[in-house]
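Hello,

Here is the structure we talked about handing over. Please open it alongside this email, and read the notes below with the residues in view.

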Amino acid sequence: MPDSDTVLSALADGVLSLTLNRPDKLNSFNEEMHLALRAGFERAHKDAEVRAVLLTGAGRGFSAGQDLSDRDPRKGTPDLGHTIETFYNPLLRLIRSLEKPVVCAVNGVAAGAGANIAFACDITLAARSARFIQAFAKIGLVPDSGGTWNLPRLIGEARAKALALTAEPLDAETAAGWGLIWGVVDDDKLMDEATALATRLAAGPTKGLGLTKRAIQAAATNSLDQQLDLERDLQREAGRSADYAEGVSAFLEKRKPEFRGK
Ligand code: T3D
């Protein structure tokens, strides 16, 4: 991982915690933070010790999206397509293709790409005081980081368009009620609950959980027939895993399973 304190990284109990750490800028993304976060997710892909990821932010915000101080128009017109291709899209692909659970703890405001990264994680919990803002409309941009794909799927076109066109903040309770995130937790309990959830997932049958994630994501573009075939293939694969053998043995022996993530 690049030597950067813009993302704090720690591995404990199979959980790789990645904490966005530019609190004075509400954890907005500059290139250094992008590279550090990408390195964290690349490690999660490669390192068998990592069996779940917990993504959160330091300070009072989760992330305010792109660092706009890097976008001063007086210094020229940036090619935003290039930055999306180079930074945001690879990050989204790393999160979605990681066959391990990604828990997101939204500790405060999540705006622009910050909101859509949170929505792209597998299980997102938010502090009661958090809010989500599709801030793009305020500066003449288009929702990115998978926002135009995820929002209509999660909440339908009417709500997706209203959020994206007005940039109105959405409170955490409403986000959970609409199905954008999994749940809301009192601010002072958020990290304990998110850590407990990530730790529980990290102790689970990683192979089966990863295949489950793949199947659910594939459903967005598959027909029912394609999905049924996929379930057959993935079940075959899961059925060959050591964790499946352990799960069934533990059930038959009336004991708790000890999954090893294999
Ligand atoms: O450019 C590309 O590569 C394309 C990709 C784009 C992806 C995107 O994410 S575009 C959207 C960019 N984000 C925004 O437009 C959000 C801008 N921020 C805000 O609207 C507000 O800060 C918030 C609603 C998020 C929070 O408001 P509030 O009142 O709680 O905090 P604040 O006072 O506005 O911000 C606190 C500090 O963070 C402040 O710095 P200061 O004055 O104390 O030194 C503020 O300037 C800084 N900050 C907040 N957001 C950003 C930021 N600095 C740089 N970039 C930011 N995005």
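**Helix 7**

In helix 7, the buried residues are L190, A194, L197, A198, L201 and A202. Looking down the axis of helix 7, these buried residues fall within an arc of 135°, so they line one face of the helix. The exposed residues D192 and R200 sit on the face of helix 7 that is turned away from its buried side. Please keep in mind throughout that this is a predicted model.

The length of helix 7 can be checked as well. Helix 7 covers residues 190-202, which is 13 residues, and at 1.5 Å a residue it should span 18 Å. The expected span is 1.5 Å times one less than the number of residues.

**The ligand**

Which residues come nearest to the ligand? There are 24 residues around the ligand, and Q66, L68, R71, T83 and A113 come nearest. By class, the shell holds twelve nonpolar, five polar and seven charged residues.

Two elements, helix 2 (80-97) and strand 8 (131-133), each supply at least two residues of this shell. Helix 2 gives the largest share, with four residues.

- For T83, the distance from an N or O atom of the side chain to a ligand oxygen is 2.5 Å.
- For R60, the distance from an N or O atom of the side chain to a ligand oxygen is 2.9 Å.
- For R131, a polar side-chain atom lies 3.3 Å from a ligand oxygen.

On its own, the ligand has 1,100 Å² of accessible area, and the protein covers 67% of that.

Is Q134 buried or exposed? The cut-off for buried is under 20% relative accessible area. Q134 has 3% relative accessibility, so it counts as buried. The side chain of Q134 also makes a polar contact of 2.8 Å with the side chain of N116.

P143 has 16% relative accessibility and therefore counts as buried. From P143 to D186 there are 43 residues in sequence, and their C-alpha atoms are 28 Å apart in space.

**Two residues with positive phi**

Most residues other than glycine have a negative phi. D13 is not a glycine, yet it has a positive phi of about 50°. Its place is in the loop between strand 1 (7-12) and strand 2 (15-20). D13 has a relative accessible area of 64%, so it is exposed.

N27 is another residue other than glycine with a positive phi, in this case near 55°. N27 is found in the loop between strand 2 and helix 1 (31-46). Is N27 buried or exposed? N27 has 0% relative accessibility, so it counts as buried.

That is what was found.

Regards

Notes. Residues are numbered from 1 along each chain as its sequence is written. This is a predicted model: local features need pLDDT of at least 70, side-chain atom pairs count only at pLDDT 80 or more; totals for chains, interfaces and linings use all residues. Side-chain values use heavy atoms; hydrogens and water are left out. A residue is near a molecule or strand if one of its heavy atoms lies within 4 Å of it. A polar contact is a pair of N or O atoms within 3.5 Å; within protein, one must be able to donate a hydrogen and the other to accept it, and residues adjacent in sequence count only if both atoms are side-chain atoms. Accessible areas come from the Shrake-Rupley method with a 1.4 Å probe; for residues, only the protein chains shown count as cover. Ala, Val, Leu, Ile, Met, Phe, Trp, Tyr, Cys and Pro count as nonpolar, Asp, Glu, Lys and Arg as charged, and the others, Gly among them, as polar. Buried means under 20% relative accessible area, exposed over 50%, partly exposed in between (1.4 Å probe, protein chains only). The arc is that of the directions from the helix axis to the C-beta atoms.
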